[in-house]
2 protein chains.
Amino acid sequence: MITMKEIAQECGISSATVSKIINGNDEHISEATRALVLQTIKKYNYVPNAVAKGLKVKRTNTIGFILPDISNPFFPEIARGVEDAAESCGFAVTFCDTDNDPKRELTSFQLLRSKMVDGVIFTRTLRHSSFDDYLSVNLPIVVVDRRVETTNRNVGKLFVDTFHASRQATEHLIARGCRRIGFVGAANDYDDVRYLGYCSALEEAGLRVEDALCYKSDYSVETGHRGMKAIISAGMPDGVFCGNDLIAVGAMAEIHSMGFTIPTDVRVVGFDDIYLSRYLRPALTTVRQPAYDMGFEAAKMLISHITEGTPLCTLKMKHELIIREST
Amino acid sequence: MITMKEIAQECGISSATVSKIINGNDEHISEATRALVLQTIKKYNYVPNAVAKGLKVKRTNTIGFILPDISNPFFPEIARGVEDAAESCGFAVTFCDTDNDPKRELTSFQLLRSKMVDGVIFTRTLRHSSFDDYLSVNLPIVVVDRRVETTNRNVGKLFVDTFHASRQATEHLIARGCRRIGFVGAANDYDDVRYLGYCSALEEAGLRVEDALCYKSDYSVETGHRGMKAIISAGMPDGVFCGNDLIAVGAMAEIHSMGFTIPTDVRVVGFDDIYLSRYLRPALTTVRQPAYDMGFEAAKMLISHITEGTPLCTLKMKHELIIREST
DNA sequence: TTGAAAGCGCTAACAC
DNA sequence: GTGTTAGCGCTTTCAA
């Protein structure tokens, strides 16, 4: 790989001059040398070494994205949004899956820090872990899709009003005539707002929250299967609110395999609106989160903070209840 | 961020010694200083600066992954495999989406190169682009899920026998009694093996390949819709082979919306076995590609080449026809 | 309009 | 056992 110094030598000038030209600080450079340098760069297919530059200027033009699991279909869309925003600013993004393991989360963070990323986008583990570890180093963070209690100026936040959305989804079930409504979701160490929203809707409608109708594990199809089975065996429900679409997929499969029909016997609603929910049969009623936009906005916020010092802020994204055939 | 020099000062020794301890070249270091250094590192929460190290040793412990679109559900699983393999070796991975645009592909490659990644995993654009540009720089590459003609020692390959798999899928349709079989796939500038496999099966069965039964665009649900509509309007088929599961999803939706039934009226088979194919109704018959393993093996091959000089090779992964309800 | 020089944080001979 | 030194490829004063 050819270096700047070699380009300079080839042109018979100093590398300082080449540097200036490359970085556009070329107001005081003669047109002749500029042309020569540009031409030589092209000739040798020279690409500046970004890591040397990063070491010098303390900016790598790279952000990290820490998330539970890229193979969970909710995340790729966010990731794509992040990538697109980053790419358009000349930033690269390095991804780290945590599998919801706080230890791996911390390791990933350290790894990114050692690589001098300029900031990180964070979808945190559901398990409890101290956020302070992340704040103590002075790295801008924007938290996506999770709540975190802090007023640190170094962290931005971006989420939908999940409590409200869950309440709305449950209310929809009630409006459809459901009276015995189950909940299948993920166990969650801090902000169990999907469950809370569900409870709130039930209470407001004068319905009782029954433990036997609630099942919590993780955000997987498996959980949907098991949760649905458990709830049905505790007495047939006429509706279920699922913590995400993956769970809804499992729940629907379980309902079918037990010989019941959706929505006649049970109505089901999910959360997220992953791209395939509309292709399920019956098509799934669900709460749409604007995943791509969330990723895009998060990256934009982070990057403009990095490059222009724009303060990090809290952004509430709009959700939407999408009513399809499953209710 | 505290530096090694400062750690050294704090301990009253030189940074060379600290470096040795950190990198495990500490055979000739007294137990006392070692303990002191380790303790000081912990005390200050020191993390070595990987970019300084990278600049020095010409290894960043980072690989790039260039792919068409992380939000296409086939890729996240590959990505997860890549990430897991990388993580276990202390490598990070930075992702670049190309949207099947050869220009963006090249840009991404340059970006990664400037960041001194140690190698790149490549799922190339379907459009024609010269691979030579990538070979001229001396960066190890492993190509996944695409064919590429080269014997360059710097490139490894990893794929399933798509031709054979497609043939098998089409033969399955024929075995089920289909005689008028359509193909909906992606236009592809170089290795159109899915189509070729389809043709081969038809010919072997004495069936004619009809242009009116073939539709090619891109690997999306939309294409499935449009392709199916086009084919049906040219005369009702009794089977369709779809270039991937996304297309199959669209095709199935179109078939249903036109009032036909699967598999009674038309049988459909897909390709990839994305995680949701089994949850479609009817569940989709498809060719399973071991996406996670492909990513994992690709990254393993690349990284062991980087760290141990293991030669890059060509790996053929095993596919499998998964027969479900749609046929 | 251009260049010399210092230094970003680290490693690797080599010297002591 | 430990330290000195040079240098990775770049940017950035400051001087010329």
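## Basis

Local features in this predicted model require pLDDT of at least 70 and side-chain atom pairs pLDDT 80 or more, whereas totals for chains, interfaces and linings use all residues. Residues are numbered from 1 along each chain as its sequence is written, with chains lettered from A and ligands numbered from 1 in written order.

## Strand 3 of chain A

Strand 3 spans residues 119–122 of chain A (strands are DSSP runs of E, at least two residues, and helices runs of H or I, at least four, numbered from the N terminus). A:Gly119 and A:Ile121 point one way, A:Val120 and A:Phe122 the other, and all are buried (20 or more other C-beta atoms, placed from the backbone, within 10 Å of the residue's own).

Strand 3 runs parallel to strand 1 (residues 62–67), joined by 4 bridges, and pairs in the parallel sense with strand 4 (residues 141–144) over 3 bridges; pairing requires at least two DSSP bridges. A:Ile121 stands opposite A:Phe65 and has A:Val142 as its bridge partner in strand 4.

## Surroundings of DNA strand D

DNA strand D is surrounded by 26 residues, the closest being A:Met4, A:Ala16, A:Ser19, A:Asn49 and B:Ile13 (C-beta atom, placed from the backbone, within 6 Å). Elements giving two or more residues include helix 1 (4–11) of chain A and helix 4 (50–57) of chain B.

Notes. Buried ≥ 20, exposed ≤ 12 C-beta atoms within 10 Å, placed from the backbone.
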